[in-house]
Amino acid sequence: MDNTSFPMKPVIDGPMHVSLKHDSAHKHVTGQAEYIDDIPEPAGTLHGGLGLADRAHAQIVSIDLDAVKAAPGVVWVMTADDIPGANDVGSTGRHDEPLLATDLVQFHGQPIFAVFAETRDHARRAALLAKIEYRDLPHWSDIAGARDNGAPFVTEPMTLKRGEPEAEIGKPPLRVQASMEIGGQEHFYLESHIAFAIPGEDDDVIVWSSTQHPSEVQHMVAHVLGVPNHAIEVRTRRMGGGFGGKETQGNQFAALAAVAAKKLNRAVKFRPDRDEDMSMTGKRHDFRVDYDIAFDEDGRIHAVDATYAARCGFSADLSGPVTDRALFHADSSYFYPHVHLTSQPLKTHTVSNTAFRGFGGPQGMLGAERMIEEIAYAVGKDPLEVRKLNFYGKPGSGRTTTPYHQEVEDCVIARIVEELEQSSDYQARRQAILEFNEQSPVIRKGIALTPVKFGISFTLTAYNQAGALVHVYNDGSIHLNHGGTEMGQGLYTKVAQVVADAFQVDIDRVKITATTTGKVPNTSATAASSGSDLNGMAAYDACRQIKERLVDFACRQWKVDQSEVEFLPNRIRIGGDTVPFDTFVKAAYYDRVQLSAAGFYKTPKIHWDRAAGKGHPFYYFAYGACVSEVSIDTLTGEYMMDRTDILHDVGKSLNPAIDIGQIEGAFVQGMGWLTTEELWWDAKGRLRTHAPSTYKIPLASDRPKIFNVQLAEWSENAEPTIGRSKAVGEPPFMLAISVLEAISMAVASVADYTACPRLDAPATPERVLMAVERMKALG
Ligand code: MTE
Ligand code: HPA
Ligand code: MOS
């Protein structure tokens with residue numbers, strides 16, 4: 001591998017903690033990276049298309065598919081009656097998500113039938129010829145509609161409570177009750193969902209799936225086909241982005257392709273086009289946060305009582321853990337002496353919402369930062385001062401207990417904020433902005449510094465396990481496989497670094513191989529930012545076993561003590577000899593040493609009692625902070641990102657270049673969520689923002705004009721994670737909250753900072769303009 005473009009330390013220091021390039025970077029940019037649609041198709045491959053409901057909530061009265069069947073190129077039309085096993089692809093075991101609707105339609109765009117044809121074009125044209133009669137039922141698409149209609153919950157709500165919130169909330173001199181609306185978000189991965197099924201003998205099927213969770217796809221395909229899990233092998237080499245959108249949502253495409261492949265004994269590919277993907281797969285949950293906060297004249301929080309209502313869509317999917325994680329982050333970095341938080345996972349007649357980077361955490365945290373703003377405007381302080389006053393304290397301060405009764409023991413937020421405040425010259429710039437705003441009638445500026453504290457671990461304890469399979473071949477080359485999936489985040493590179501480091505060999509000796517359920521079973525989704533923590537450790541465990549056998553062999557053969565065997569770069573020192581790695585491995589093979597091992601890891605320390613709302617759900621926290629400066633045009637509501645400075649904690653980085661890339665990407669994605677990305681459903685419950693023409697993700701030109709990203713170089717994980725690193729995938733997403741708050745400050749200037757602008761998300765130019773008008777009316 002050519003690493004000349006990155007500052008790379010020689011292998012002598014081990015390949016961990018160095019900026020190796022992403023193993024596929026050159027292939028991503030030259031088009032050589034193979035995605036599922038690039039795999040050569042076997043002769044006779046068929047293509048799937050879908051018949052989607054055009055009602056939000058209706059009884060299906062009749063379905064006439066004659067014209068579909070007669071259309072050119074069509075080989076088979078599949079309805080729910082053709083499913084050999086269960087008509088169910090829900091990930092929760094609730095049976096609330098049919099693969100194909102039977103008599104009831106629950107959202108606009110729900111699949112009713114599938115068409116398999118010689119080409120994708122044939123399949124899609126044919127699907128439009130169906131005649132379906134519906135009897136409409138009352139529907140609602142959003143949180144307000146759900147509340148008005150007394151909508152049920154899709155899953156059990158959660159409550160967190162500590163102290164005496166009911167008694168204490170009336171005591172302090174100051175109190176604010178208000179609410180915040182927070183929009184959802186489309187994942188907009190560049191590669192849409194896709195599945196490619198190749199039938200085998202007996203019950204066997206191989207499914208290539210663009211999924212973050214090959215094991216779940218395997219189990220779901222088996223469930224739909226009515227065969228044991230062992231018949232199904234799911235493979236994933238890479239995704240062109242997942243962002244949470246491929247944690248559960250790939251199940252349906254894989255199941256449809258597999259059913260048709262078995263029925264027709266032909267390879268079948270299912271790839272929805274962008275509009276279909278956007279209409280029929282789940283998104284980030286919209287939230288409405290209703291808060292009641294009590295605080296003193298200094299701005300110190302005394303009690304918080306808040307409700308987190310979420311638009312979940314028609315089924316549970318991951319809405320339970322998503323709304324739970326919103327509550328787990330409703331404290332952001334702040335200590336709440338008395339607190340009561342509840343979730344409301346509301347059913348709506350929209351596509352079932354799902355995981356998206358941060359997994360409810362961003363919505364919870366955004367609510368907390370809004371509460372800080374409220375307090376700051378009420379007491380007339382810079383929100384940063386109010387933040388500092390309310391940060392979790394040091395151990396022993398009596399200010400370390402979270403609303404879920406876990407102690408925050410590793411809190412570095414005060415140091416991070418302090419360092420960033422200095423390095424970004426926050427105070428002087430804020431002063432300059434206040435002065436600028438005084439004399440600038442139209443353009444106004446804002447600046448905000450916001451913290452991030454994100455809990456690392458799946459909150460479902462069982463998911464915090466991983467496996468890996470490492471083979472050392474007798475030529476000294478190494479085959480690496482593990483349960484994690486690659487979606488662009490660099491996980492494969494990081495785990496390969498762990499393996500290369502363990503054997504002290506060059507990274508190009510390690511062959512990175514596609515994730516497959518046939519090599520490592522019962523894996524968890526690559527999610528919750530835990531990919532490198534879990535799979536890195538599992539791979540390390542496999543290497544450890546092989547190394548132990550190798551050391552044993554060296555001691556026997558060379559008649560030396562263990563202490564005299566040392567893995568040096570590409571060599572082994574055994575007593576006075578040094579032997580090249582490949583020569584040594586070959587000798588071990590001839591001595592019949594087992595050169596393959598399965599590794600395993602489970603996260604220690606964590607436990608969670610959901611009913612009691614108490615436990616230790618997170619192994620540790622990742623921290624970061626961000627200062628953003630923006631300019632707004634008070635006549636149009638348009639804005640510009642002038643500058644962003646970030647200081648982020650990834651522990652001892654496994655790969656600084658990749659981590660900085662994750663931070664930059666996460667920040668920009670978060671900025672899109674809070675500014676331009678707006679999902680909009682019409683009165684019929686149709687998603688009208690289902691293409692890039694109407695759904696606006698950030699462009700390269702939207703990035704802050706000055707963009708400084710630093711890692712907290714001094715940080716090491718206090719827990720013994722792989723290389724003392726910390727998870728990086730999701731936490732930096734929430735750094736973008738500083739953008740919304742900076743816009744909010746610019747808006748507040750219109751009323752001389754006397755009132756909290758209560759700017760909802762996304763702060764589209766339209767919304768900014770309306771907030772400016774509200775402020776003008778006050779001023
Ligand atoms: N980075 C890229 N390039 N593409 C992605 O799809 N997904 C994010 C994050 N970073 C994503 C990404 C999400 S939602 C998660 S949970 C983590 O990566 C998952 O990978 P990890 O656990 O290996 O960090
Ligand atoms: N994070 C991300 N994905 C998940 C989680 C979580 O906590 N739980 C289940 N899937
Ligand atoms: Mo990430 S939302 O946990 O896939």
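Q: What covers the buried residues of helix 3?
A: This is a predicted model. In it, the cover over the buried residues of helix 3 includes strand 1 (46-52), helix 2 (66-70) and strand 3 (74-78). Strand 5 (111-117) and strand 12 (268-270) also belong to that cover.

Q: And which residues of helix 3 are buried?
A: Helix 3 spans residues 120-127, and its buried residues are Arg 120, Ala 123, Ala 126 and Ala 127. They cover an arc of only 135 degrees around the axis, so they sit on the same side of helix 3.

Q: Switching to ligand 2. Which residues are around it?
A: Glu 247, Pro 321, Arg 325, Phe 359, Phe 458, Thr 459, Tyr 463, Ala 527 and Ala 528. The protein covers 98% of the 260 Å² of accessible area that ligand 2 has on its own.

Q: How does that shell split by class?
A: Around ligand 2 there are 6 nonpolar, 1 polar and 2 charged residues.

Q: What do Glu 247 and Arg 325 do there?
A: Glu 247 has a polar side-chain atom 2.7 Å from a nitrogen atom of ligand 2. For Arg 325, a polar side-chain atom lies 3.3 Å from an oxygen atom of ligand 2.

Q: Where is Gln 212?
A: In the loop between strand 10 (205-209) and helix 6 (214-225).

Q: Buried or exposed?
A: Gln 212 is at 2% relative accessibility, so it counts as buried; the cut-off is under 20%.

Q: What is Gln 212 in contact with, leaving aside neighbours within four places in sequence?
A: Its contacts include Met 239, Phe 243, Lys 246, Thr 485 and Met 487. Glu 247 and Ala 527 are among them too, and both are also found around ligand 2.

Q: Now Lys 283. Where does that lie?
A: In the loop between helix 8 (274-280) and strand 13 (287-295). Lys 283 is buried, with a relative accessible area of 1%.

Q: What does the side chain of Lys 283 reach?
A: The backbone oxygen of Met 278, at 2.5 Å.

Terms used
Residues are numbered from 1 along each chain as its sequence is written. Chains are lettered from A and ligands numbered from 1 in the order in which they are written. This is a predicted model: local features need pLDDT of at least 70, side-chain atom pairs count only at pLDDT 80 or more; totals for chains, interfaces and linings use all residues. Side-chain values use heavy atoms; hydrogens and water are left out. Buried means under 20% relative accessible area, exposed over 50%, partly exposed in between (1.4 Å probe, protein chains only). Helices (H or I, at least four residues) and strands (E, at least two) are DSSP runs, numbered from the N terminus. The arc is that of the directions from the helix axis to the C-beta atoms. Contact means heavy atoms within 4.5 Å. A residue is near a molecule or strand if one of its heavy atoms lies within 4 Å of it. A polar contact is a pair of N or O atoms within 3.5 Å; within protein, one must be able to donate a hydrogen and the other to accept it, and residues adjacent in sequence count only if both atoms are side-chain atoms. Accessible areas come from the Shrake-Rupley method with a 1.4 Å probe; for residues, only the protein chains shown count as cover. Ala, Val, Leu, Ile, Met, Phe, Trp, Tyr, Cys and Pro count as nonpolar, Asp, Glu, Lys and Arg as charged, and the others, Gly among them, as polar.
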